[in-house]
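Have the viewer open as you read.

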Amino acid sequence: MISCLCVTRGRVPLLARAVECFRQQTHAERELLIVYDADDTATHDFATAIAEPTIRPIRSEAVPRLTLGALRNLALREAGGDWIAQWDDDDWHAPARLARQWETLEQTQQGACLLYRWLMYDEDTGSAYVSAGRGWEGSIVARKDLVPAYPELARLEDTPVVLRMVEAGVVAALDQPSLYIYTFHGANTWGRDHWEQGLLAGAQPLGERDTTWVRERLGIAISTAPTRR
């Protein structure tokens, strides 16, 4: 089973899309953990109203609030699967994302898989891109017991984890950008300077047809109301 770990705060419409992406996954053995702070009532109301056994809300009662790195560690401890996937709440995950990364893990017999490229969308400008080639931290699927503890930082918490795994020689790369759309919407962990100077470095703009495809994917099932099944 793959445990998809989603740390979120105060953006239910985006979270609803991430939940729908999880529901559409073709990899059967999976669960989604929604990790949120106790004072985030909107997320609490949304997550606890989802009556599905494969989707589990995890509330952090810590005061003061935990850092993003500490919340990722909480998600790791609560994961029921032997494998984990980072499942960022503001991005789009293709229905075949888990299945294709799992196939890569089986073929390579490695302990982790990263996407070598992914798609990126700027909500402010309406522009879409395919990234430069590198191991993108947010796309990780890995054996839980190989994932080091995240440093308890407010941001840049996942890069040291991925670097340690790369140095250990346990990471396989999958070059299929259409499996993931990273979105910049102005309320990301990092601001526009990081987007323009970091993520866009080496990226290639998409044409109008492919940009339309990206916009259509990002428009799926955005709703503040949970879907009961």
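Let us begin with one side chain. Arg134 counts as partly exposed at 34% relative accessibility, where buried means under 20% relative accessible area, exposed over 50% and partly exposed in between, with a 1.4 Å probe and protein chains only. Its salt-bridge partner is Glu137, with the closest N and O atoms 3.1 Å apart. Glu137 is buried, at a relative accessible area of 10%.

Residues are numbered from 1 along each chain as its sequence is written, and side-chain values use heavy atoms, with hydrogens and water left out.

**Confidence and overall make-up**

The predictor's confidence in each residue is pLDDT, on a scale from 0 to 100. The chain has a mean pLDDT of 89, and 89% of its residues reach 70 or more. Residues 221-229 are another matter: pLDDT stays under 50 there, and the model has 23 contacts for them beyond four places in sequence, a contact being heavy atoms within 4.5 Å. Where pLDDT is low, the predicted coordinates should not be read in detail.

Seven helices and twelve strands make up the secondary structure; these are DSSP runs numbered from the N terminus, with helices (H or I) of at least four residues and strands (E) of at least two. Of the 229 residues in the chain, 50% are buried. Among contacts between residues at least 6 apart in sequence, 74% join residues at least 24 apart.

**Salt bridges**

How many salt bridges does a search of the whole structure find? The total is 17, counting a side-chain nitrogen of Lys or Arg within 4 Å of a carboxyl oxygen of Asp or Glu. Side chains of opposite charge can pair when their charged atoms come close.

| Salt bridge | Closest N and O atoms |
|---|---|
| Arg11 with Asp90 | 3.4 Å |
| Asp175 with Arg117 | 2.8 Å |
| Glu137 with Arg134 | 3.1 Å |

Arg11 and Asp90 form a salt bridge that links distant parts of the chain, 79 residues apart: Arg11 sits in the loop between strand S1 (2-7) and helix H1 (12-23), and Asp90 in the loop between strand S4 (83-86) and strand S5 (92-93). Asp90 is buried, with a relative accessible area of 7%.

Asp175 and Arg117 also pair up in a salt bridge. Asp175 belongs to the loop between strand S10 (171-174) and strand S11 (180-184), and Arg117 to the loop between strand S6 (112-115) and strand S7 (119-122), so the pair ties together parts that are 58 residues apart in sequence. Asp175 is partly exposed at 42%, and Arg117 is partly exposed at 28%.

There is also a network of salt bridges, which links Arg9, Asp37, Asp39 and Arg65.

**The cavity**

On a 1 Å grid over the protein atoms alone, a cavity is a set of points where a 1.4 Å probe fits but cannot get out, and lining residues have an atom within 4 Å of a point. Grid points are joined across faces, edges and corners, and a volume is the space filled by probe spheres set on the points. The count comes to one cavity of 30 Å³ or more, and the largest cavity holds about 60 Å³ of space.

Which residues line the largest cavity? They are Leu5, Val7, Arg72, Ala75, Leu76, Ile84, Ala85, Gln86 and Tyr150. S1, helix H3 (68-78) and S4 each supply at least two of the lining residues. The lining divides into seven nonpolar, one polar and one charged residue, where Ala, Val, Leu, Ile, Met, Phe, Trp, Tyr, Cys and Pro count as nonpolar, Asp, Glu, Lys and Arg as charged, and the others, Gly among them, as polar.

Thr104 is found in helix H4 (residues 97-108) and counts as buried at 6% relative accessibility. Leaving out residues up to four places away in sequence, Thr104 touches Cys113, Ala172, Ala173 and Leu174.

Gln109 lies in the loop between H4 and S6. Its phi is near 60°, a positive value in a residue other than glycine, and Gln109 is exposed, with a relative accessible area of 65%.

The peptide bond from Val63 to Pro64 is cis, with omega near -5°. Pro64 is in the loop between strand S3 (55-60) and H3.

How values were computed:
This is a predicted model: local features need pLDDT of at least 70, side-chain atom pairs count only at pLDDT 80 or more; totals for chains, interfaces and linings use all residues. On a 1 Å grid over the protein atoms alone, a cavity is a set of points where a 1.4 Å probe fits but cannot get out, and a pocket is an open set with protein on both sides within 12 Å along at least five of seven lines; lining residues have an atom within 4 Å of a point.
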